[in-house]
Amino acid sequence: MQIVQQIIFILISILAIWLFSKKVKEISRNIKLGRDEDISDNKPKRWKNVLLLAFGQKKMFRNPLVAVLHFFVYAGFIIINIEVLEIVLDGILGTHRLFANYSGGFYYFLINAFEILALLVLTGCAIFLIRRNIIKLKRFISKDLDGWPRSDANYILITEIILMALFLTLNASDTLLQSKGVEHYTANPTDNFILSQYLHPVLNGIGINGLELTERSAWWLHIIGIFAFLNYLPYSKHLHIILAFPNAYYARLEPVGKMENMPSVQHEVLYAMQPELAPTASESSKKFGAKDIMDLSWKNLMDAYSCTECGRCSAACPATQTGKLLSPRKIMMDTRDRVEEIGRNINKNGKFNEDGKTLLHDYIKIEELRACTTCNACVQECPVSISPLDIILQLRRYLVMEESNAPQEWNAMFSNVENNFAPWKFSPDDRDKWVDEM
């Protein structure tokens with residue numbers, strides 16, 4: 001019977017890892033659909049961002065209570081899953097608590113710490129479910145999250161609660177079976193653990209067979225749940241658990257508010273003044289701004305996959321808060337949806353076949369882009385270093401420079417800049433007349 005369990009475990013493990021690896025390769029390919037961009041400067045500062053923003057969750061601590069709860073859930077879930085290594089080895093080798101024999105008292109200390117963290121994860125997830133579904137904070141009931149995104153967040157929180165409950169049940173039934181001297185469980189015995197021991201009175205009355213069934217069920221459901229969670233991540237907003245780290249490393253280091261210059265626009269101005277320097281038509285075919293995801297950079301697409309959908313960007317956005325159509329969170333969600341759609345197109349056809357859609361117009365509307373004030377509040381608030389503004393600016397540049405699509409007020413300003421070298425309708429010769437009037 002034991003050898004059968006080992007074979008089943010190995011097959012499930014291989015399948016889970018293969019499916020996860022396949023999806024990760026697909027996401028990597030999708031991100032690389034964006035244009036190339038060199039982000040390799042100032043490595044010390046980038047590693048500092050990883051430590052402070054990704055590991056330390058620095059921006060989350062603007063709201064200390066929520067930040068502490070989130071840190072418990074995040075750190076607890078990650079640290080507890082160190083135990084998965086032991087579970088995997090036990091599953092492959094058919095052993096029982098393999099590490100207990102080699103680490104002695106330290107093992108007991110670790111499992112006790114894991115149980116405390118499990119309780120903190122349970123508490124944090126329960127509070128987050130209440131905030132989303134009972135208190136209904138404004139940023140969690142926005143229409144941006146209608147449908148799957150709202151369910152996705154709830155599924156993850158419920159799954160984490162179930163996994164932590166299984167972990168405690170596993171420990172409680174295991175230590176009870178050890179105390180009763182049941183074969184297999186007496187190998188590498190341990191003392192009762194700090195929290196799971198309080199489940200003993202509940203489990204004591206179900207008999208040896210019931211305990212064995214409970215322990216085996218909790219063990220299998222826990223590890224299968226971990227594998228299922230692993231393969232759910234790439235389809236969920238919780239992919240940020242992984243991508244927050246590279247995204248923090250490749251974050252923009254320029255001061256917030258500094259917009260990316262477009263050398264191609266500078267060159268156009270230069271060519272207007274010195275036509276002899278202008279390249280041939282074939283050389284100057286570069287597009288201004290972005291219309292679809294292939295025009296955005298790979299960093300923009302990584303941003304889209306890293307989005308936590310927390311809504312802090314939209315909560316800080318003055319356009320969103322005054323009832324305008326723009327929501328920075330929706331910009332990122334729409335970008336990810338479009339990348340995924342193109343990815344499925346490539347999977348089906350072997351290459352991208354034109355589908356008559358684009359990110360601009362089909363996913364993100366003109367009204368959304370024009371509502372942006374470029375205040376950078378969304379960039380400042382994002383806990384994982386995402387810049388919705390960068391995508392907004394590139395789409396808006398395409399509208400203006402490729403489609404000549406701008407409000408009349410903008411066109412008047414553009415005309416004044418072109419003719420008068422300033423946004424106002426005054427001749428440069430008249431600009432200093434106010435001095436005479438003094």
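This is a predicted model: local features need pLDDT of at least 70, side-chain atom pairs count only at pLDDT 80 or more; totals for chains, interfaces and linings use all residues.

Me: Got it. What does Ser 297 contact, leaving aside its neighbours within four places in sequence?
Reply: Ser 297 is in contact with Gly 34, Arg 35, Glu 37 and Arg 252, once neighbours within four places in sequence are left aside.

Me: And where is the place of Ser 297?
Reply: Ser 297 sits in the loop between α11 (263-273) and α12 (298-306).

Me: Is Ser 297 buried or exposed?
Reply: Buried. The cut-off for buried is under 20% relative accessible area. Ser 297 has 1% relative accessibility, so it counts as buried.

Me: Let's zoom out. How many helices and strands are there in the protein?
Reply: The protein has 21 helices and 0 strands.

Me: What about its overall size?
Reply: The C-alpha atoms fill a box of roughly 100 × 55 × 40 Å along the principal axes. The radius of gyration is 28 Å, while a compact globule of 438 residues would have one near 22 Å.

Me: What percentage of the residues count as buried?
Reply: Of the 438 residues, 47% count as buried.

Me: And the contacts, how far along the chain do they reach?
Reply: Take contacts between residues at least 6 apart in sequence. Of these, 76% join residues at least 24 apart.

Me: Which residues does Tyr 235 touch?
Reply: Tyr 235 touches Lys 23, Trp 148 and Arg 336, not counting residues up to four places away in sequence.

Me: You mentioned α10. How many of its residues are buried?
Reply: In α10, 8 of its 10 residues are buried, so the helix is mostly covered. Among them are His 240, Ile 241, Leu 243 and Phe 245.

Me: What do the buried residues of α10 pack against?
Reply: They pack against α2 (43-55), α3, α9 and α12.

Me: Okay, α3 then. How do the axes of α3 and α6 cross?
Reply: The axes of α3 (residues 64-80) and α6 (residues 105-135) come within 8 Å and cross at roughly 135 degrees. The two helices are therefore oblique to each other. The crossing of α3 past α6 is left-handed.

Me: What classes of residue make up the contact of α3 with α6?
Reply: By class, that contact has 15 nonpolar, 3 polar and 1 charged residues. On the α3 side, the residues include Val 66, Leu 69 and Phe 72. On the α6 side, they include Phe 114, Leu 117 and Arg 131.

Me: New topic: backbone angles. What should I expect for phi?
Reply: Most residues other than glycine have a negative phi.

Me: What is the phi of His 184?
Reply: His 184 has a positive phi of about 80 degrees, although it is not a glycine. His 184 lies in the loop between α7 (148-179) and α8 (200-203). At a relative accessible area of 28%, His 184 is partly exposed.

Me: And the phi of Ser 385?
Reply: The phi of Ser 385 is near 65 degrees, a positive value in a residue other than glycine. Ser 385 lies in the loop between α18 (377-381) and α19 (388-401).

Me: Is Ser 385 buried or exposed?
Reply: Ser 385 counts as buried, because its relative accessibility is 11%.

Definitions and conventions:
Residues are numbered from 1 along each chain as its sequence is written. Side-chain values use heavy atoms; hydrogens and water are left out. Axes are lines fitted to C-alpha atoms, for helices over the stretch in contact, and angles run from 0 to 180 degrees between N-to-C directions. Helices (H or I, at least four residues) and strands (E, at least two) are DSSP runs, numbered from the N terminus. Angles under 35 degrees count as roughly parallel, over 145 as roughly antiparallel, 65 to 115 as roughly perpendicular and the rest as oblique. A crossing is left-handed if the near helix is turned anticlockwise from the far one by less than a right angle, and right-handed if clockwise. Contact means heavy atoms within 4.5 Å. Ala, Val, Leu, Ile, Met, Phe, Trp, Tyr, Cys and Pro count as nonpolar, Asp, Glu, Lys and Arg as charged, and the others, Gly among them, as polar. The radius of gyration is taken over C-alpha atoms; the globule rule is 2.2 Å times the number of residues to the power 0.38. Buried means under 20% relative accessible area, exposed over 50%, partly exposed in between (1.4 Å probe, protein chains only).
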